[in-house]
Amino acid sequence: MDDLRGDQAVWRFDGETVAIRYETQGWSRDPLLTRIGQLELPVAAIAEVDFQPGAGRRKGWVLQLRLHERTDPYAAVGAMLKEKSQPFRLTGQASGELVAEYLADQIRFAAGQHTDPPAPDTATRLVPRLPLHIQTAEGTATMDGDGVRLTWSGAEASGRKRKAQRREYGISEITGAEWVPSDGWEWGYLRVTTGRSASEGSGKPKQDLDVLLAYVGAQRYDTLLMAATITAHVWARGRPGPGDGGKRDAASRLRDPRWWLDTAARSVDQLRALPVGSGTKDTGRGPDPEAAAAPGEAAGGADTEWIFRQIESLGELHARGLLTDEEFSAKKAELLGRI
């Protein structure tokens with residue numbers, strides 16, 4: 001079909017993919033959309049299609065695509081984005097309303113035919129290709145296939161960060177990224193999160209070694225793009241693909257070292273969360289895990305350091321989606337109750 005030209009972009013739908021080319025110009029040129037440039041959105045990623053005639057500027061139309069959970073990295077990190085900066089929202093003049101409504105119906109119908117969840121790497125197709133490099137007045141952030149590196153070499157870096165020089169994260173230890181825009185008083189920033197983030201404490205962003213500060217202007221959009229890219233690759237690493245009922249087949253699991261690590265972590269966590277017994281049962285099959293005491297734990301109480309290490313491990317599993325909010329809260333409360 002013909003292109004649908006809106007205020008922010010041009011959309012083309014071929015039945016399986018919505019190809020989006022961002023073409024805002026002049027004073028209305030959006031910095032984030034300009035950085036994205038273009039992308040191809042698989043229709044399987046679309047959960048809802050919302051078309052509102054007469055709801056836009058000068059009684060124009062608004063077409064909004066809402067994606068499945070853990071598929072839209074921009075929405076995940078950019079909750080404070082202005083409407084005009086949202087990548088999957090298109091507005092246009094009233095004269096193009098019929099064409100826009102027709103396209104909305106076509107996309108809605110096609111999306112409804114997909115019952116399997118989106119492919120695990122869907123979000124990575126919506127962000128820039130790796131390697132990605134950004135720079136702010138405080139330093140730089142780089143992401144490649146191995147992980148993320150923060151370097152504090154800019155004039156605005158604090159003494160603590162200059163002394164540290166850099167911090168590197170392997171892709172397997174990253175649990176996500178946070179983006180906070182400047183409010184006009186405080187600087188905005190990008191924060192890389194890991195399983196140890198909660199135990200270390202964030203502190204002030206100026207001194208936080210997991211943070212790259214961003215000032216007003218282009219820098220805040222660069223840090224948002226980096227946060228979305230990190231989030232997309234974390235999702236791709238931690239979520240099973242479609243058509244397998246939420247589980248990968250045995251062969252691919254055995255070939256994936258992350259599956260071994262996650263399985264070991266879950267097993268250890270489950271064993272350590274069991275009630276502490278006073279001994280072992282003589283079953284003829286060796287020690288009973290249910291009766292095994294945790295390392296460093298005696299009859300009079302628990303090793304506080306060990307407990308905090310377990311909470312940190314729980315936090316990482318929770319961030320990866322291996323524990324629900326309820327499971328995480330329950331296990332954390334149980335561990336804290338041993339202190």
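**Buried charges and nonpolar cores**

Glu138 counts as buried, at 0% relative accessibility. The model described here is predicted. The partner of Glu138 is Lys161, and their side chains meet in a salt bridge with an N to O distance of 3.0 Å.

Side chains of opposite charge can pair when their charged atoms come close. In the whole structure, a search finds 13 salt bridges. One of them joins Arg35 and Asp222 at 2.6 Å, N to O. This pair links distant parts of the chain, with Arg35 in helix 1 (residues 31-36) and Asp222 in helix 6, 187 residues apart. Arg35 is partly exposed, at 30% relative accessible area, while Asp222 counts as buried at 17%.

Another salt bridge connects Glu23 and Arg21, whose closest N and O atoms are 2.5 Å apart. Glu23 is partly exposed at 29% relative accessible area, and Arg21 is partly exposed at 33%. Together with Arg5, these two residues are linked in a network of salt bridges.

The nonpolar residues come next. The largest nonpolar core has 61 residues, and Trp11, Leu41, Ile46, Leu63, Phe88 and Ile230 have the most contacts inside it. Helix 6 (residues 218-238) gives the most to this core, with ten residues. Apart from this core lies another, of eight residues, including Trp306, Leu317, Phe328 and Leu335.

Definitions and conventions:
Residues numbered from 1 in each chain as written. Predicted model: local features only at pLDDT ≥ 70, side-chain atom pairs only at ≥ 80, totals over all residues. Heavy atoms only, no water. Core = buried A, V, L, I, M, F, W, Y, C linked by side-chain atoms within 4.5 Å. Buried < 20%, exposed > 50% of the residue type's maximum accessible area, 1.4 Å probe, protein only. Helix = DSSP H or I, 4+ residues; strand = E, 2+ residues; numbered from the N terminus. Salt bridge = Lys/Arg side-chain N within 4 Å of Asp/Glu carboxyl O.
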